[in-house]
Amino acid sequence: MQLRAWTSRGDPWWARAVVVAGAIGVAGIIAADSPVARLEVAALTAVTLAGFVAKACWPRMPAVLLVAWTFVPAIVLSLQQRGEGTIFLLVVALCFFVLVTPDRRTRLVAGVVAVLVPPAIQAISPRDWGWQYWVTGIAFGWLSSEQMRRFGDLVAELAATRELLAEQAVHVERRRIAAELHDLVGHSLTVVLLSVTGARRLVRENPDAATEALLEAEVVGRASLAEIRATVRPLRDDRTKGAGVAPMPAAGDLPELVERMVAAGSSVNLDVTGDLETVEAVTGLVVYRVVQESLNNAARHAPGASARVAVAVAAEAIEVDVFDAGAGSQAEGSTGVGLIGMRERVEALGGAFHAGPSPGGWRVRARVPRAGPTSPSQSRSDPGAT
């Protein structure tokens, strides 16, 4: 039969109570001065032990029944003057009751009753047996059990909080990876489609140019696959952590990004103020993704329109301004994943983001605060791959 665990940690209090109470009963039997006394101590100790086991087998046992079952034997032995040590059975019974009873008021009543037992026994059967000290001992056992119960509740709360934080961390990581994959796949497909469209138009008139456009699409596709592998590496097990360090995009890769878009047929002009290579890894990745997604939106929603990218590198923040001369890449307030992802990336670093119609086209603006200094290896490596 499987007995119920009484605390969040699964401590079998009934078994511990049986062991301690059994030891007290054996000591009482040895110390008894007559066969009748030994028989009484053995019988009443067995009754107490049976109460502990019965509670384990019957979890819904009423509190009153448990108190009567485990408290009364110790009281009877004390009234019969079968040794002072048998009052320890009451201490064990009270501690067990506190540990297995969830209701605080019920535990309080039981504790008060147990503390009043020694003076009541003294009033009924006056003798010199140090009842004052037993009051202190019972109260100490009561308060210690309450404290142990609180520790158990705290452990359970900490365990639940740890699980909740772990679930939240997984959710955040999934959202991050989803945003990365959206940007990677969206950009790669946009460039590939632009290259393929250009190749289709040139395949008859200029086969060499068409071949070059298809090669560009192939290069972009392979590079995107490498980035996707680096992004999903954190989802793999620990055995792949030593498989190598994959580079992640940074602010210094913006010229290459613009070159790919131009090679695919887009008209993009890049204006940079400051040194992109000095931008930290975290900030640089956000800046790169904002520019990447903005150009992708321009290519999808305003094909053929010219775009201008302005990036200003300052000591406090990076200013990004992407303008395309199309009729408008997306409507203001759109629920597109791209705009939401850009906003979340920027605001996660404490920055400001705005996207909307502008005279003559569509404009995306972002101010990304500079992160703390990072080492050169960190600024160019995938943090999930190390």
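Modeller: Angles under 35 degrees count as roughly parallel, those over 145 as roughly antiparallel, those from 65 to 115 as roughly perpendicular, and the rest as oblique. The angles themselves run from 0 to 180 degrees between N-to-C directions, and the axes are lines fitted to C-alpha atoms, for helices over the stretch in contact. Two packed helices are described by the angle between their axes and the distance between the axes.

This is a predicted model, in which local features need pLDDT of at least 70 and side-chain atom pairs count only at pLDDT 80 or more, while totals for chains, interfaces and linings use all residues. Residues are numbered from 1 along each chain as its sequence is written, and side-chain values use heavy atoms, with hydrogens and water left out.

Of its 386 residues, 42% are buried, where buried means under 20% relative accessible area, exposed means over 50%, and partly exposed lies in between, with a 1.4 Å probe and protein chains only.

Consider α1 and α4, whose axes come within 10 Å and cross at roughly 175°; these two helices are therefore roughly antiparallel to each other. On the α1 side, Trp13, Trp14, Ala17, Val20, Ala21 and Ile24 meet Phe88, Leu89, Val92, Phe96, Leu99 and Val100 of α4, a contact being heavy atoms within 4.5 Å. The contact of α1 with α4 has 12 nonpolar, no polar and no charged residues, under a scheme in which Ala, Val, Leu, Ile, Met, Phe, Trp, Tyr, Cys and Pro count as nonpolar, Asp, Glu, Lys and Arg as charged, and the others, Gly among them, as polar.

Helix α1 also packs with α2, at an angle of about 180° and with the axes 9 Å apart, and this pair is therefore roughly antiparallel as well. Here Trp14, Ala17, Val18, Ala21, Gly22, Gly25, Gly28 and Ile29 in α1 meet Arg38, Val41, Ala42, Thr45, Leu49, Phe52, Val53 and Ala56 in α2. By class, the contact of α1 with α2 has 11 nonpolar, 4 polar and 1 charged residues.

Ala17 takes part in the contact of α1 with α4 and in that of α1 with α2. This residue lies in helix α1 and is buried, with a relative accessible area of 7%. Leaving out residues up to four places away in sequence, Ala17 touches Phe52, Val92 and Phe96. Ala17 and Phe52 are 35 residues apart in sequence, and their C-alpha atoms are 7.0 Å apart in space.

Phe52 in turn, with neighbours within four places in sequence set aside, is in contact with Trp14, Ala17, Val18, Ala21, Thr70, Val92, Ala93 and Phe96.

These contacts lead to the nonpolar core, defined as a set of buried Ala, Val, Leu, Ile, Met, Phe, Trp, Tyr and Cys residues joined through side-chain atoms within 4.5 Å. The largest such core has 39 residues, and those with the most contacts inside it are Phe52, Phe71, Leu90, Leu94, Phe96 and Ile138. At least two residues of this core come from each of α1 (13–31), α2 (35–57), α3 (63–79), α4 (88–100), α5 (104–124) and α6 (131–202). Its largest share, 12 residues, is supplied by α4. Another core lies apart from it and has 31 residues, including Leu257, Val258, Val309 and Val311.

Pro73 brings in a further helix, since it is found in α3 and counts as buried at 4% relative accessibility. Not counting residues up to four places away in sequence, Pro73 touches Leu44, Val47, Thr48 and Ala68. Its C-alpha atom is separated by 8.2 Å from that of Leu90, 17 residues apart along the chain.

The loop between α3 and α4 holds Gln81, which is partly exposed, with a relative accessible area of 45%. Most residues other than glycine have a negative phi, whereas Gln81, although not a glycine, has a positive phi of about 60°.

Conventions:
Helices (H or I, at least four residues) and strands (E, at least two) are DSSP runs, numbered from the N terminus.
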